[in-house]
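I'd like to walk you through one model, going residue by residue around the ligand and then out to a couple of other spots. Here it is on the screen.

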Amino acid sequence: MKILILNGPNLNLLGTREPEIYGSQTFDEYFSELQFKFQEMELGYFQSNSEGALIDKLHMAQKEGFDAVVCNAGAFTHTSIAIGDAVAGISVPVIEVHISNVMNREEFRHVSYISKHCKGVISGFGLKSYELAINSML
Ligand code: DQA
């Protein structure tokens, strides 16, 4: 099974960005742990701060042989109809993840333009949210 982890804006700053909310581990470190934990899977990783680049990557997911996408669209979750449309428009299943529990944060984070088109949503378990999403596909 080949799974794409897709991270949106500001998630390249994990490790130093608001550590009280997002923790102090970098995503590169965590990604190595994931690769070790899920050796039977092929994991791909793509991060971009650009909406268009994330959409292009979603469009390419099937062609690149991915069976599923674990997507943390960051703040675009709450603003991007275009990413929601991209998720709706591809046949590869997408799982929406968030490190923080978006439902116990500011009200603008309670809206997701993506959830409706996803297989499921995992939010609030720290970086472990990604692991839980991958596990859900086993
Ligand atoms: C986030 C939550 C979003 O509201 C925020 O804009 C992020 C990260 C999370 O993983 O908790 O950038 O998606």
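Let's begin with Arg 109, which counts as buried because its relative accessibility is 16%, and the cut-off for buried is under 20%. Keep in mind throughout that this is a predicted model. Arg 109 sits in the loop between E4 and E5. What does the side chain of Arg 109 pair up with? There's a polar contact of 2.7 Å to the side chain of Glu 106. Beyond residues up to four places away in sequence, Arg 109 touches Tyr 22, His 78 and Val 102.

The unreviewed entry lists Asn 72, His 78, Asp 85, Ile 99, Ser 100 and Arg 109 under "binding site". Those positions span 38 residues of sequence, and they're spread out in space too, with C-alpha atoms up to 23.8 Å apart.

Now, His 78. You'll find it in the loop between E3 and helix H4, which runs over 81–89. His 78 is buried, at 12% relative accessible area. If you skip neighbours within four places in sequence, His 78 is in contact with Val 102, Phe 108, Arg 109, Val 111 and Tyr 113.

Ser 100 is in the loop between E4 and E5, and at 9% relative accessibility it counts as buried. Its side chain makes a polar contact of 2.9 Å with the side chain of Arg 105. Not counting residues up to four places away in sequence, Ser 100 touches Ile 21, Tyr 22, Arg 105, Ser 123 and Gly 124.

So what about the ligand itself? Around the ligand you have Arg 17, Tyr 22, Asn 72, Gly 74, Ala 75, His 78, His 98, Ile 99, Ser 100, Val 102 and Arg 109. Which side chains put an N or O atom by a ligand oxygen? Ser 100 does, at 2.6 Å. Asn 72 has a side-chain N or O atom 2.8 Å from a ligand oxygen, and for His 98 the distance is 2.8 Å. How much of the ligand does the protein cover? Taken on its own, the ligand has 320 Å² of accessible area, and the protein covers 99% of that.

On to the other UniProt feature. The unreviewed entry puts "active site" at Tyr 22 and His 98. They're spread over 77 residues of sequence, yet they cluster in space, with a largest C-alpha distance of 9.7 Å. Both names turn up in the lining of the largest cavity, which includes Tyr 22 and His 98.

Taking Tyr 22 on its own, you'll see it in helix H1. Is Tyr 22 buried or exposed? Buried, with a relative accessible area of 9%. Leaving out neighbours within four places in sequence, Tyr 22 is in contact with Leu 14, Arg 17, Ile 99, Ser 100, Arg 105 and Arg 109. There's Arg 109 again, back where we started.

His 98 belongs to strand E4, and at 5% relative accessibility it counts as buried.

Asn 10 is partly exposed, at 35% relative accessible area. Glu 18 is in the loop between E1 and H1 as well, and its phi is near 30°, again positive in a non-glycine residue. Glu 18 is partly exposed too, at 38%.

That's me done. Who wants to go next?

Terms used
Residues are numbered from 1 along each chain as its sequence is written. This is a predicted model: local features need pLDDT of at least 70, side-chain atom pairs count only at pLDDT 80 or more; totals for chains, interfaces and linings use all residues. Side-chain values use heavy atoms; hydrogens and water are left out. Buried means under 20% relative accessible area, exposed over 50%, partly exposed in between (1.4 Å probe, protein chains only). Helices (H or I, at least four residues) and strands (E, at least two) are DSSP runs, numbered from the N terminus. UniProt positions are given in the numbering used here, feature names are shortened, and annotations may be inferred rather than shown by experiment. Contact means heavy atoms within 4.5 Å. A polar contact is a pair of N or O atoms within 3.5 Å; within protein, one must be able to donate a hydrogen and the other to accept it, and residues adjacent in sequence count only if both atoms are side-chain atoms. A residue is near a molecule or strand if one of its heavy atoms lies within 4 Å of it. Accessible areas come from the Shrake-Rupley method with a 1.4 Å probe; for residues, only the protein chains shown count as cover. On a 1 Å grid over the protein atoms alone, a cavity is a set of points where a 1.4 Å probe fits but cannot get out, and a pocket is an open set with protein on both sides within 12 Å along at least five of seven lines; lining residues have an atom within 4 Å of a point.
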